[in-house]
Amino acid sequence: MSTRLATGGTRIDRSQRLGFTWDGQPLQGFAGDTLASALLANNQVLVGRSFKYHRPRGVVAAGPEEPNALVGLGTGGSFEPNARATTTALADGMLVASQNAWPGLAHDVGVVNGWLSRFLRAGFYYKTFLWPRAFWKRLYEPAIRRAAGLGRAPDRADADRYEYLYLHADVLVAGGGIAGLAAAREAAQAGLRVLLIEQEACWGGRAATDGVTVDGKPAADWVAGTVAELQAMETVTLRLRTTVTGVHDHGFVTALEAADAGPRQRLWRIRARHIVAATGAIERPLPFAQNDRPGVMLAGAVRDYAVHYAVSPGDRTVVVTNNDDAYRTAIALREAGLTVPAILDARLRVEGALPERARAMGIPIKPGHAVAGSVGRGRVEGVAVCVQAGEGAVLETIPCEAVAMSGGWSPTVHLWSQAGGKLRWDAAQLLFRPDPARPPIGADGAAIVTAAGAANGVLPAGDCLEDGVAAGRAAAKALGAKPQTGKAATAAAPEEAPIEAVWCMPQGAPPALRDKIWLDFQNDVTMSDVALAAREGYESVEHAKRYTTLGMATDQGKLSNIGGLAVLAEARGATIPEIGTTTFRPPFTPVTLGAIGGEARGALFKPTRKTAMDGWHDANGAVWEPVADWRRPFCYRKPGETVDQAVAREVRNTRRNLGILDASTLGKILVTGPDAGRFVDTLYTNRMSTLKPGRCRYGLMCNENGFLFDDGVVARIDDHSFLCHTTSGGSDHVHAWMEEWLQTEWWDWQVYTANLTEQFAQIAVVGPQARAVLEALGGIDLSADALPFMGWTEGTLAGIPARVFRISFSGELSFEIAVPAAHGQALWDRLMAAGAAHAIAPYGTEALHIMRAEKGFIMIGDETDGTVTPQDLGLDWAVSKKKDDFLGKRAQARADLTRPDRWRLVGLQTLDPRTRLPDGAHAVDGTVLPTGIRRTIGRVTSTYMSPTLDRSIALGLVERGPERIGEVIRFADGRGHIEARIVDPVFYDPQGERQNG
Amino acid sequence: MLQLECPVCGVLADETELVPGGEAHLQRAGPDSTDDAFADYLFTRANPRGVHFERWCHVYGCGKWFHAARDTATLEVFGTYSAQTTAPPDDIVAAIRARRPEWEGPA
């Protein structure tokens, strides 16, 4: 039974009891507990079910490498799946739920997958369920989806707050163990700004637990003294419970803080001139049969739980190892008053200082021995002992409640490797360590990361301090600071004898055992799976990883990586360094999307652009529609009206009486300077430089591929100046496009551009009564003679300085009035008041769209999609044949853009006027392509019920369309077809008499 | 996240302040160009593993375009310089040669 010891626990405060629930069961822990230590103290050894076979799983580790103890935290909007119990601080009232088990953790029906394990081997997704094909969609996939996977996704919006902030430092030290503390101190003493970040809730790393002394005193004293010294320095910032999750390009660093107050998590975005990675090492499991049974834990974790949290894993713990470090666990357990029935050491010679001490304490040591398998129902009840050199013949079975295993330690090289640092294989210590000759480099080509301590492959506990000092001084030197040169403190720890390679336990384990040797607990990958992948040709480590899923998911192979490489190496007859590692990519531990998004969600995700009249629209029934970053009224709904009814009313009223539209979102870019004419001639397909001041011209802009991307009316202001109107969504892009050409191609042209879009409010006054209402306001002569169609003038309208453009996007008599934005609402109010006598009514974007479609006017983004030329749209009249050059001219002469069978703009009238063609519907000609797909000959680009014509209308692009006027073609509509006649795209007032009035 | 110094305003800008504009020093093919030359201009881009000249725009800063000489594999930056040039300036070429003696020079 796993329990709390009566005394001890360096990290817990027994005076503060915290209550929490585990799958509904009320439990208690202490302040300072992690969720994992609290669960273990309550004998909750079974904490989850495995991914594929639903095998019972327990806590294995005590840190971020934990593969099994993933739990659901909280409820409702604060629910978080896949939280690692080992790194989650226990909080009072915490709601904790197990994952991946149905109906419950102890009785899980998914365990049947385990009986089917022979069918669920490596690559089973790709093989087993291929046939019959139809079964995949209806049977296999839903079944696998229900059974596999980790935690469930939250079912509602995240109720918590998150934030991200920026930090800058000269030196960032990741890891607050003795190496990191020493490095931080050296860098700070050299006068540098230092940021020291530690993932755990306290400083000092493993040193205190591992019996290290500094200058003859316990390491804890030196840690406390150094932390106090650093805290007293203004240039040093220290952060606990913060994990450096990634070192990205050019040394950009992200760190995730589990915040105590305020937001739930903080993501720190850090720029440091140099990074010291003092991230320690992660212990490796040993590969023996049934090594995934709850109660089998890493030796270091057993020690941590006993020393930090006073958790007994059980009365009897068998230690199994291939190195000296695990003896510390045996000693710690004995010192806590618990029993270690045996230390099974795979090595034949066992004579280091630590083994001697264990021997002196009376702990039985069995050199050359190994575990043939763990035994027990659910959790560990004993281990079967064999010799490491053999094939697993069981010599005896030792009863026990826990197994502490150690396969050696792997430096946590993630930060070094993420930014491109290379590793070298250390054959003596059996580990990959940073190769100082090939570090990750920054923009200037110099190393940006220095590894220190265990992360640097310096495993002996006594040597870490010295390595940290060296790293801190090296970092200071690299930044041009003057580090201290004197002798630093000296750490000491017992000498350790060399590790011996144990990549399979026992070394001759037959297939039956290898089937049960787990390499990756989280993904249920066994030794046999990796060997099978190699036999099937997945020889590259990257392929083997993806085929077997070894090293994937939330733990990213922190425990399984080296073990898997060793098996792959054996299968291929290669060495581990020849196989190499998979790529280390950020993040080191999972980062929530909430933290990445920070405050940028909801209304703060992106600002909404609002026009000067936005408040009026909102108060008068506007149904909002996003248009680029703007919001615009789709229509103005009156009480009792549907949206469709409102739109139809707005169209009819504008055509019969008077409509008013907020057109402020229209882009307005001033192009001015001696070369402005030459420039607009280059931007637009037609000639703009011949335009006279006071006149307007419709123009098209194409990219260098010849495709139309924006359109609008250009007004000539004076000799040097043009006001270019763009689409509402295109103003920023068009302005950037102009600047790009001016800055990078024609930088000698004297042209200045300014995006004035938001400086003006623009109001379109549209309909037969448009002139009457403007004359009522008074101030400018707007008669047909004074201001003909496509002319503009300026003056004072109703006392407001205004420009009036006589342009029309509706086909009606229409004036667009631009006034300084601050006067927009005043003019709108005056127009509404003066227009009351003429039945004035505002209209929204949908009425605008319908009226332009009735006139056959194209809309960028509807009729165009980046593959459509002006010629395709019948706009040849707006493409100059005389100009030497304009953007897109050369491309429009390319073979594909001149071929006669291109899809071109036509009007479409359904044979049944009540039927509206679906938007985007494809026209088919009845033939079938070799691919089995029906050949398409066109598509619908705009489609509406026209209130004016009282029938459906549509625009579309059809192969050789204009040559086929009168022809009836068929559009696919789900299962059936809709027939439509090809007609001229101008449905209404083809002579343009209304707008010219 | 890359950092590039904008030569116009002098700010050391994070990549999120910038937009990339692809290969630098392209020669625009005009209306008289052949089909092949024009297709080259539109579609063919150098994609070297190593020294590369790129266009960047400091869009969330001063709004100006500039050029950068960069190693696409190691992400080293040899320098940034004005967009108003048709070839990398001498000091940039010298900075590249100092770090990449084997470099064959601008195409």
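Between chain B and chain A, 18 residue pairs are in polar contact, both residues of each pair being at pLDDT 80 or more. A polar contact is a pair of N or O atoms within 3.5 Å; within protein, one atom must be able to donate a hydrogen and the other to accept it, and residues adjacent in sequence count only if both atoms are side-chain atoms. The structure is a predicted model, in which local features need pLDDT of at least 70 and side-chain atom pairs count only at pLDDT 80 or more, while totals for chains, interfaces and linings use all residues. Residues are numbered from 1 along each chain as its sequence is written, chains are lettered from A and ligands numbered from 1 in the order in which they are written, and side-chain values use heavy atoms, with hydrogens and water left out.

On the side of chain B that touches chain A, the largest share, six residues, comes from helix α1 (residues 35-43) of chain B. Helices (H or I, at least four residues) and strands (E, at least two) are DSSP runs, numbered from the N terminus. By class, this side of chain B has twelve nonpolar, nine polar and seven charged residues; Ala, Val, Leu, Ile, Met, Phe, Trp, Tyr, Cys and Pro count as nonpolar, Asp, Glu, Lys and Arg as charged, and the others, Gly among them, as polar. The contact (heavy atoms within 4.5 Å) takes 28 residues from chain B and 28 residues from chain A. The area buried between the two chains is about 2500 Å², of which carbon and sulfur atoms give 49%; buried area is the accessible area (1.4 Å probe) that two parts lose on being put together, summed over both.

Five salt bridges cross the interface of chain B and chain A, a salt bridge being a side-chain nitrogen of Lys or Arg within 4 Å of a carboxyl oxygen of Asp or Glu. B:Arg28 forms a salt bridge with A:Glu704, with the closest N and O atoms 2.6 Å apart. Over all chains, the whole structure has 64 salt bridges. A:Arg55 is paired in this way with A:Asp292, the closest N and O atoms being 2.5 Å apart. This pair links distant parts of the chain, 237 residues apart: A:Arg55 lies in the loop between β4 (46-49) and β5 (56-58) of chain A, and A:Asp292 in the loop between β17 (281-283) and β18 (296-298) of chain A.

Within chain A, strand β37 (residues 667-672) runs antiparallel to strand β40 (residues 721-726), and six bridges join them. A:Thr672 has A:Ser721 in β40(A) as its bridge partner. β37(A) also pairs in the antiparallel sense with strand β41 (residues 752-755) of chain A, over four bridges, and A:Leu670 stands opposite A:Ala754 in β41(A). Two strands pair if DSSP finds at least two bridges between them.

The whole structure holds 17 aromatic pairs over all chains. The rings of A:Trp737 and A:Trp741 have centres 5.6 Å apart and planes at 80°, so the pair is edge-to-face. Rings of Phe, Tyr and Trp (its six-membered ring) pair if their centres lie within 6.5 Å; planes under 30 degrees apart count as stacked, over 60 as edge-to-face and the rest as tilted.
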